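Here is a short report for a first look.

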Amino acid sequence: MPDEPVTPEAGTPEAAPPALPDAPAPVPVSAGAEEILATLNSALGDAIIEAQPLFGDVVVRVRTDAWLRAGEVARDQLDCDYLSFISGIDWMPAPKEEGAEADGDTSTPAQPTEMTPGAAGAAGRFQVFAHVQSTTRKWGMTFKADLDENNPSVDSWVSLYPGANWHERECAEMFGFGFVGHPGLRLLFLPAAFEGHPLRKDFPLLARVVKPWPGIVNVEGMPETAAVATEEADSGDTNA
Amino acid sequence: MSTTDTTASGASDFAIDPASMRHLAEARVNVELDTGDMVLNLGPQHPATHGTLRLVVRLDGERVISADPVIGYMHRGYEKITEFRTYPQVTTLINRIDWLSSFANEVPFVAAAEKLMDVEAPPRAQYIRTILTELSRIATFLLFLGEMGLQVGALTPAFYGFRDREHILNLIESATGGRFHPNFNRIGGLKDDLPWGWLAECRSTMQIVFDACDTFENLVLGNEIFAARCKGIGIIPPELGAAYGVSGSNLRASGVDWDLRRDGDPYLVYSELDFKVWTHSDGDSFARYWVRLQETRESARMVLQCLDAIPAGPIMTKVPLIIKVPKGEIWAETENPLGQMGYYVVSKGGTGPFRVKIRSASFSNVSILPWLLQGVYVPDVITILASLYFILGDIDR
C-alpha cells in the first residue's frame with residue numbers, strides 16, 4: 001500500500017515506460033470516462049489510489065478496505081447494474097525466465113523477469129480486479145485492489161451482485177484469495193483433491209514439466225526476425 | 001442418472017409384523033402427506049449433451065427445492081495455457097471455448113492484440129470478419145432453434161435445425177477451411193481472401209436462412225404445446241439477470257435493450273450497418289426463443305448488407321513476422337452468440353500474453369440457475385436449461 005494516495009486527474013495518463021518506444025499513444029479521455037472519474041472522486045475520495053482511462057475503459061485502483069464501497073458506488077451512483085467478471089492477477093514473473101535454460105529450451109514465449117505493475121499501478125504481487133458495466137449508460141469500468149501477499153483477502157461482492165458468487169469461487173481456487181462474507185468458497189472447477197492455486201505464477205504448467213514441448217514455440221531467436229510480412233493482397237478481386 | 005432416495009425404506013424389514021406395517025402405512029398416508037426430499041443427479045453424462053454438466057437437484061415430489069450446478073468437468077485451464085503460448089497460437093485455443101461459434105471467439109482477442117499494437121485490419125478484412133461472425137451466430141442459433149424443440153419433446157425441428165445449419169457450416173468451411181474451428185483471424189487481418197464465387201453463394205444461402213426462420217416460426221413458435229411448455233417458465237427479472245451477469249439474447253429477452261454490437265466500444269463494421277436490437281418484455285423461455293429467432297433473421301440481413309458494401313482491397317495489414325505486443329493492458333469485449341465475450345489481456349511486451357482473463361458468456365448465464373430453478377417442476381428444468389442455451393466449453397473454459 002503506498003503511503004500517499006494519488007488523486008486521479010482526468011487527462012493525465014500514466015507516464016509511459018520508456019523501454020518500449022513502439023507503445024501506442026495514450027487514448028484521449030472520453031466524456032463518459034470524465035464523468036465516471038468525477039463521480040468516483042467525489043464518492044470515494046482518497047480511497048482511490050490511482051485511476052487511468054484505458055482504451056475506452058477506466059481502470060481505478062482503490063484501497064483494499066474500500067473494495068466493497070467502490071462496488072456500491074459503481075452500482076448505485078454510476079448505474080453499473082451488470083457484473084462482467086471478478087478475477088485476480090499475480091504480477092510476479094513466472095520463475096522460469098527466457099533463456100534461463102540456455103541449452104535450447106524454447107518451450108515458452110519470453111516472459112518478463114522483473115515485477116512491473118500494470119495500468120493504475122500495483123503495490124504488491126496480488127491484485128483482485130473486477131469489471132462492471134451499465135446496461136443503461138452503456139459504459140463500463142474496471143476496479144483493482146491490492147491484496148496482501150501472505151493473507152490475500154478482500155470483501156466479497158456477493159451482497160452487491162449475486163453473480164459474484166461463482167466468480168469469487170473461481171478466483172479463490174485459482175489464486176487462493178479469500179473473500180470475506182462469501183456464502184461458501186467451495187471449489188468450482190477443480191476436483192476436490194486438487195492442491196495449489198493454478199493461476200499463481202509460481203504454479204508450473206505441469207504438462208510442460210512432464211514432457212517438454214517438442215517444437216520451437218519461442219521463435220524470437222530465429223534469424224529472419226527482421227523480415228516484415230509484406231502480404232499485399234490482390235486488390236480489385238471482389239469476386240462478387 | 002442416479003437417484004438417491006432419502007426416505008426410509010421398509011422393504012427389507014421382515015421382522016416387523018405385517019399388521020403393524022399396515023398401520024404404519026395408513027398413518028403415513030393419513031397424517032403426513034409429504035414425501036421426503038429426493039436428491040437427483042441430472043448428468044454429468046448424457047448422450048444428448050456435448051460436454052458434461054451435472055445438476056444436483058433436491059426434489060420434493062415433482063418440485064425442485066434447490067439446484068446446485070456442478071461444473072468443471074471440461075475445465076481445460078485456458079487462462080493458464082495462454083501464458084505459455086504466443087499471441088497467434090492463442091487463437092487456436094480460444095476457438096475451443098464456445099465451439100459452435102468459434103470464429104466469434106477469435107474476434108475480441110485479435111481486437112485486443114491489434115489495439116495494443118496499434119494496427120488495424122484493412123476494411124475488406126473487417127467486412128469479412130463481420131460476415132463470418134454473423135454466420136457463426138446464425139449457425140449457433142439455427143441449432144438452438146431446432147434443439148429447443150427437441151428438449152421439450154418435438155423431434156422434427158431438430159432435423160430442420162441441423163439441416164439448415166449445414167449450409168452455413170459449408171459456407172464457413174469453404175471460406176476458412178474449418179467447419180468448427182476456423183482459426184482464420186490473424187493479428188492485422190485474415191489468413192486468406194474469400195474464394196471465388198463465395199459472395200454469391202453466401203447471398204443465396206441467406207434466403208435459406210430466412211426460409212428456415214419462417215419454418216421455425218410456424219412449426220415451433222406457433223405450436224400450442226410448445227407455447228404451453230415455455231410461456232411463463234424460467235422468468236429472469238431484468239435487474240437480477242444483469243446482476244448475475246446474464247448477457248446476450250437471454251438478457252434482451254428480459255427487456256434489457258443492450259447489445260454490444262451497437263452499445264459497446266465500436267468494433268468490426270457494425271457502426272456502418274443498419275440493424276435492430278430485438279427485445280422481449282416477458283423474460284421467460286418463450287421470449288428467449290422468440291428473441292433468438294428474430295436475431296437470426298437480423299443477422300442474415302446484416303450479412304446481406306455486408307455483401308453489398310464489402311470493398312475490394314488487401315486483407316492483411318503490415319505486421320512484423322514475429323508478433324510482439326507492447327506493454328499494456330486492455331479489456332476487449334464483443335457480442336457473441338451466447339452473450340458478452342471478453343478478454344482482459346495484460347501484455348508485458350513479449351511474444352506471449354502475461355495474463356488473459358477470459359470472460360465467457362455461458363459461465364455467467366448458468367450462474368443464475370440456482371436461483372432460477374428454485375420451485376419449478378422437473379420437466380421445466382429441461383425447458384429452462386435448453387432456453388438459456390449454453391455451451392459447456394464456454395462454461396468451463
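How near do the axes of H5(B) and H7(B) come, and at what angle do they cross?

## The model

This is a predicted model, in which local features need pLDDT of at least 70, side-chain atom pairs count only at pLDDT 80 or more, and totals for chains, interfaces and linings use all residues. Residues are numbered from 1 along each chain as its sequence is written, and chains are lettered from A and ligands numbered from 1 in the order in which they are written.

## H5 and H7

The two axes come within 11 Å and cross at roughly 20°. Axes are lines fitted to C-alpha atoms, for helices over the stretch in contact, with angles from 0 to 180 degrees between N-to-C directions. H5(B) is therefore roughly parallel to H7(B) (angles under 35 degrees).

Ile138(B), Leu142(B), Leu145(B) and Gly149(B) of H5(B) meet Val209(B), Ala212(B), Phe216(B) and Val220(B) of H7(B). Contact puts C-beta atoms, placed from the backbone, within 7 Å.

## Gln126 in H5

Gln126(B) lies in helix H5 (residues 123–151) of chain B. Helices are DSSP runs (H or I, at least four residues), numbered from the N terminus. Gln126(B) counts as buried because it has 22 C-beta neighbours inside 10 Å; the cut-off is 20 or more other C-beta atoms within 10 Å, placed from the backbone. Beyond neighbours within four places in sequence, Gln126(B) contacts Ala121(B), Leu268(B) and Val269(B).

## H6

The buried residues of H6(B) include Pro157(B), Ile168(B) and Leu171(B). Its buried residues pack against H4, H5 and H7 of chain B. Gly177(B) follows H6(B), with a positive phi near 95°.

Terms used:
Helix = DSSP H or I, 4+ residues; strand = E, 2+ residues; numbered from the N terminus. Buried ≥ 20, exposed ≤ 12 C-beta atoms within 10 Å, placed from the backbone. Contact = placed C-beta atoms within 7 Å. Parallel < 35°, antiparallel > 145°, perpendicular 65-115°, else oblique.
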